[in-house]
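Here's a quick tour of a protein for you to follow with the structure open beside you. Grab your viewer and click along as the residues come up.

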Amino acid sequence: MKKLIDCYGFDAERNKVLFPMYGVDPVAGKIYNKETGKEIVGGLKSGYRVISLRYYGIDIKNMRSTLVYESVNKDTNYGIPKHFPEKWFKICRQGFDIDHINARKDDDRIENLDLITRKDNRNKSNKVGEAA
């Protein structure tokens, strides 16, 4: 079986949580059930892979790209001083997006993911749209 790292994502209130039953293969950009070893494929929403994971009996949907990025960068504070309250972390994190560097929305390999501001992501999306 592949070497998996712990799977981190967000709950409905945008609190960072650990999904203990799941593991991330960041090189492949995939999520696996740790017990069965099966890949969690999920569905597509606007070209992005969306995965529903069980968290204490509740299904929580996350974009696969977010799960991969957050799992690799679980200790990242996005430039926010560590002494700031958790609510500041959540507010600031909401101003960022996970960008697909090669513009392929289903390519969730960690080498293809970058954290950028929402404004920069919109500008990049507009340029990609104009070039098409």
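Let's start at Leu53, which touches Cys7, Phe19, Tyr22, Ile40, Ile58, Asp59, Ile60 and Leu67, leaving out residues up to four places away in sequence. You'll find Leu53 in strand 5. Keep in mind that what you're looking at is a predicted model.

- Is Leu53 buried or exposed? Its relative accessible area is 0%, and anything under 20% counts as buried, so Leu53 is buried.

**The largest nonpolar core**

- Leu53 also turns up in the largest nonpolar core, a group of 16 residues.
- Which members of this core touch the most other members? They are Cys7, Phe19, Tyr22, Ile31, Leu53 and Leu67.
- At least two residues of this core come from each of strand 2 (16-25), strand 5 (48-55), helix 1 (64-72) and strand 8 (113-117).
- Strand 2 is the top contributor to this core, with four residues.
- There's a general idea behind this: in soluble globular proteins, nonpolar side chains tend to be buried together.
- Ile31 is another core member to click on. Once you set aside neighbours within four places in sequence, Ile31 is in contact with Cys7, Tyr22, Gly23, Val24, Lys38, Glu39, Ile40, Ile51, Arg64, Leu67 and Val68.

- Three strands make an open sheet here, in the order 1-2-3, and they pair in antiparallel fashion.
- Strand 1 (5-10) and strand 3 (30-33) are the edge strands, each pairing on one side only.
- From one strand to the next, the twist averages 65°.
- Helix 1 packs on this sheet, where it touches strand 1, strand 2 and strand 3. The direction of helix 1 makes about 120° with that of strand 1.
- How many bridges link strand 2 and strand 3? There are four, and the two strands pair in the antiparallel sense.
- For a pair to look at, Val24 stands opposite Ile31 in strand 3.

- Strand 4 and strand 5 run antiparallel and are joined by three bridges.

**Helix 1**

- How much of helix 1 is covered? Most of it, since eight of its nine residues are buried.
- The buried residues in helix 1 are Arg64, Ser65, Thr66, Leu67, Val68, Tyr69, Glu70 and Ser71.

- Strand 7 runs antiparallel to strand 8, and five bridges join them.
- Asp97 has Ile116 in strand 8 as its bridge partner.
- Asp99 is found in strand 7, which covers residues 96-100.
- Why does Asp99 count as buried? Its relative accessibility is 8%, and the cut-off for buried is under 20%, so Asp99 makes it.
- The Asp99 side chain makes a polar contact with the side chain of Lys124, at 2.8 Å.
- Asp99 also touches Asn112, Leu113, Asp114, Ile116 and Asn121, among others, not counting residues up to four places away in sequence.

**Stepping back to the whole protein**

- In total there are three helices and eight strands.
- Read along the sequence, the pattern is β-β-β-β-β-β-α-α-β-β-α.
- The protein has 132 residues, and 36% of them count as buried.
- Of the contacts between residues at least 6 apart in sequence, 43% join residues at least 24 apart.
- The accessible surface comes to about 8100 Å², with 53% of it belonging to carbon and sulfur atoms.

Terms used
Residues numbered from 1 in each chain as written. Predicted model: local features only at pLDDT ≥ 70, side-chain atom pairs only at ≥ 80, totals over all residues. Heavy atoms only, no water. Core = buried A, V, L, I, M, F, W, Y, C linked by side-chain atoms within 4.5 Å. Buried < 20%, exposed > 50% of the residue type's maximum accessible area, 1.4 Å probe, protein only. Contact = heavy atoms within 4.5 Å. Pairing = 2+ DSSP bridges. Areas by Shrake-Rupley, 256 points an atom, 1.4 Å probe, with all protein chains shown as cover. Polar contact = N/O pair within 3.5 Å; in protein donor to acceptor, adjacent residues only side chain to side chain. Axes fitted to C-alpha atoms, helices over the stretch in contact; angles between N-to-C directions.
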